[in-house]
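Morning, everyone. I have one chain to show you today. Please look at the picture first, and then we will walk through it.

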Amino acid sequence: MSAQKLTLAIQKSGRLSDGSKDLLKLCGIKVGNGSNQFKAVAEGFPLEILLLRDDDIPQYVADGVADIGILGMNEVLEKKKEVKVIRNLGFSRCRLSVALPRNAEYTGRSYLQGKRIATSYPAILEDFLAENKIDAEIHAISGSVEIAPGIGLADAIFEIVSSGGTLLSNGLKEVEVIMQSEAVLISNPHLSAEKQALLDKLTFRMEAVQKARRNKYILLNAPEEKLDKIIALIPGMKSPTILPLAQKGWASLHSVVSEDDFWEVIDNLKEAGAEGILVVPIEKMVL
Ligand code: ATP
Ligand code: MG
């Protein structure tokens, strides 16, 4: 039997492509040039890469042309294809929001009743309107949705927002966030056992990379009598490493801290008597 490969679909170029390639790189997979502009070869993993428009990825994965794909959760929900969401990947974060002309007075969701709403996410909007029992007219357009109210095509828009700059420059204001989105890894729901094993290996690497991103390695010096208190603040993966310093009565302590409560931990460590605190990024983390 020939060696199995997984086929991964990623966005050819756009807001997902750098994040997708960076994640693969950190997983030890280099994306090289392939035989044509829609295919790339991967080094470091039995992987074949398809370079596609993100809109097409759900269909390709559902049909099994690609086994797995990386794309925004917003597209997964919009396309409603039969695919399995394997994990959140933590990049290309954005939100889908309702925005109105700056001078409109939003009175809550019922404001949208009977209105014309322009969007490039008609399926998600339709679900939202149905859930909220709102009867509104959906104008599906594929690009530059933000200009629709200005040219009299719509009363409101439902679109992706990240910084809000595009809304502002079109005289719009965000009035309600309907969903949050980020890049996700999806798979065909009927992978062979061999392909599933490869996918498990790949997700194991992704987990190690994502965990590492959320944590920092911390080194500090402390007087020996203060160690117990300090250890309680940074328990680390198992327990911290303690090394004696050349200066008597002092030790160096190494551990791991989560980025979420990082600054608070640092403040507490200083208060507990830690000195010379160094914080360094972690590249991979396997528990
Ligand atoms: P394609 O040509 O592949 O169809 P596109 O124009 O549809 O590309 P992009 O603008 O590159 O798509 O966005 C791809 C995905 O990135 C979106 O579906 C969304 O998940 C995410 N995204 C979109 N806008 C932003 C943003 N401003 N910040 C972060 N992520 C975003
Ligand atoms: Mg697209």
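First, a term: two residues are in contact when heavy atoms of theirs lie within 4.5 Å. Keep that in mind. One more caution: this is a predicted model.

Now, what share of the contacts with a separation of 6 or more joins residues 24 or more positions apart? In this chain, 69%.

Next, the elements. The chain has 8 helices and 16 strands.

On to overall dimensions. The chain has 287 residues, and a compact globule of that length would have a radius of gyration near 19 Å. This chain has 25 Å. Along the principal axes, the C-alpha atoms fill a box of roughly 75 × 60 × 30 Å.

What about the surface? The chain exposes about 15,400 Å². Carbon and sulfur atoms supply 50% of that area. Of the 287 residues, 43% count as buried.

Charges, quickly. There are 34 positive and 38 negative ones. Their mean positions are 4 Å apart.

Let's zoom in on one residue, Thr 7. Where is Thr 7 found? It sits in strand E1, which covers residues 6–11.

Is Thr 7 buried or exposed? Its relative accessibility is 11%, so Thr 7 counts as buried. The cut-off for buried is under 20%.

Technical notes: Residues are numbered from 1 along each chain as its sequence is written. Chains are lettered from A and ligands numbered from 1 in the order in which they are written. This is a predicted model: local features need pLDDT of at least 70, side-chain atom pairs count only at pLDDT 80 or more; totals for chains, interfaces and linings use all residues. Side-chain values use heavy atoms; hydrogens and water are left out. Helices (H or I, at least four residues) and strands (E, at least two) are DSSP runs, numbered from the N terminus. The radius of gyration is taken over C-alpha atoms; the globule rule is 2.2 Å times the number of residues to the power 0.38. Buried means under 20% relative accessible area, exposed over 50%, partly exposed in between (1.4 Å probe, protein chains only). Accessible areas come from the Shrake-Rupley method with a 1.4 Å probe; for residues, only the protein chains shown count as cover. Lys and Arg count as positive and Asp and Glu as negative; His and the chain ends are not counted. The place of a charge is taken as NZ of Lys, CZ of Arg, CG of Asp or CD of Glu.
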